[in-house]
Amino acid sequence: MKTKEITLLSVYIAMGSVLYFLETFLPLPSIIPGGRWGFSNLVLLIALPRFSLGNLLFIAIGKSTIGNILSGRLMTPGYVMGLGGAMVAVLVMWSLYRSKKDFGYLGISLVGAQANNFFQLLFAGVFIMGTFRVITVFPYFALVGSISAVINAIVAHRIRMKSGDIL
Amino acid sequence: MKLIGKYDWLLIVFVGFLILITLLPFSNGSNYNAFVYINNEMTYKIDLTKDGTYLVKEHVVVEVKDKKIRMKESDCPQQLCVKMGWISTPGVPIVCIPNKVMIIIEADPNNLDYDVITQ
């Protein structure tokens, strides 16, 4: 059991890191400076019903760290924002999933993506710019984030259905 | 876990509400001043009715034309502030994080269509 858990966690972190790295090549609508699509959140959605909170956080930290090593941005403000955002998203999605209410992938994915955006903007506002005004670009981030969140939800649902006990 | 759960509409409404709330500060007044913040201190107040270019900081040039303002030149690596192009309304500021320069447009409080604004 222990070995299987380690193996699974490694597979999830590997998938997340690659997605994180590959999405840096995807172009974004130009009004948004310095944003990203957030497709690596897909891995956390697939992992959500299967792992404990600690393991989910471990996947989030692993994919952000390795993904940023691959793209050469380790320890930059962008790394700290991405790491914190992914961890906040895990906390929010996990609480929604564990609330025993009937939430599906679509809702959890949307709220998780928005929690991620909100934290990153708040972090940029408070620690980098020193003002909350940065939050005025939130609607643009939220719209782009919602597109990828819907795609993530559909893909995660299909993978969860088809993979059964393997993933 | 299902794709769409019974209470997912609640979460979707919540996200939509969040987007609407953050869109609210947009307004359509006619007389604007741009404020240039450097290191989070208001450093310059620029009248948007007068065209011109301003050197606000070393290697950072701001241009005003037709009541719009843009970052014309900057020495930051990714040039995100320059690529944002022109802005003419309050709401989305131009931000250059490496140079710690921020351009914000605000309506002139003496020249508004409203009586009072609560903040």
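Reader: Leaving aside neighbours within four places in sequence, which residues is Ile103(B) in contact with?

Author: Two residues are in contact if their C-beta atoms, placed from the backbone, lie within 7 Å. By that rule, Ile103(B) is in contact with Ala34(B), Val36(B), Val62(B), Ile69(B), Met71(B), Pro93(B) and Ile94(B), leaving aside its neighbours within four places in sequence. Please keep in mind that this is a predicted model: local features need pLDDT of at least 70, side-chain atom pairs count only at pLDDT 80 or more, and totals for chains, interfaces and linings use all residues. Residues are numbered from 1 along each chain as its sequence is written, and chains are lettered from A and ligands numbered from 1 in the order in which they are written.

Reader: Which residues touch the most other members of the largest nonpolar core?

Author: A nonpolar core is a set of buried Ala, Val, Leu, Ile, Met, Phe, Trp, Tyr and Cys residues joined through C-beta atoms within 7 Å. Buried means that 20 or more other C-beta atoms lie within 10 Å of the residue's own; exposed means 12 or fewer, and partly exposed is in between. Here the largest core has 61 residues, and those touching the most other members are Leu44(A), Leu45(A), Ala47(A), Ile59(A) and Ile103(B). Helix 5 of chain A gives this core its largest share, nine residues.

Reader: How many helices and strands does chain A have?

Author: Helices (H or I, at least four residues) and strands (E, at least two) are DSSP runs, numbered from the N terminus. Chain A has six helices and zero strands, while chain B has two helices and seven strands. Along its sequence, chain B reads α-β-β-β-β-β-α-β-β. As for burial, 41% of the 167 residues of chain A count as buried; for the 119 residues of chain B, the figure is 23%.

Reader: In what sense do strand 3 and strand 4 of chain B pair?

Author: Two strands pair if DSSP finds at least two bridges between them. Strand 3 (residues 52-57) and strand 4 of chain B are antiparallel, over five bridges, with Tyr54(B) opposite Val62(B). In their hairpin, which has two residues between the strands, His59(B) takes a positive phi near 70°. Strand 4 of chain B also pairs with strand 5 (residues 68-73) in the antiparallel sense over five bridges, and there Glu63(B) stands opposite Arg70(B).

Reader: Which residues form the covered face of strand 4 of chain B?

Author: Val60(B), Val62(B) and Val64(B) form the covered face, whereas Val61(B), Glu63(B) and Lys65(B) form the uncovered one.

Reader: And how many residues of chain A are in contact with chain B?

Author: In general, interface size is often given as the accessible area lost when the parts come together. Counted by contacts here, 31 residues of chain A meet 28 residues of chain B. Helix 5 (105-129) and helix 6 (138-163) of chain A each supply at least two residues of the side of chain A that touches chain B.
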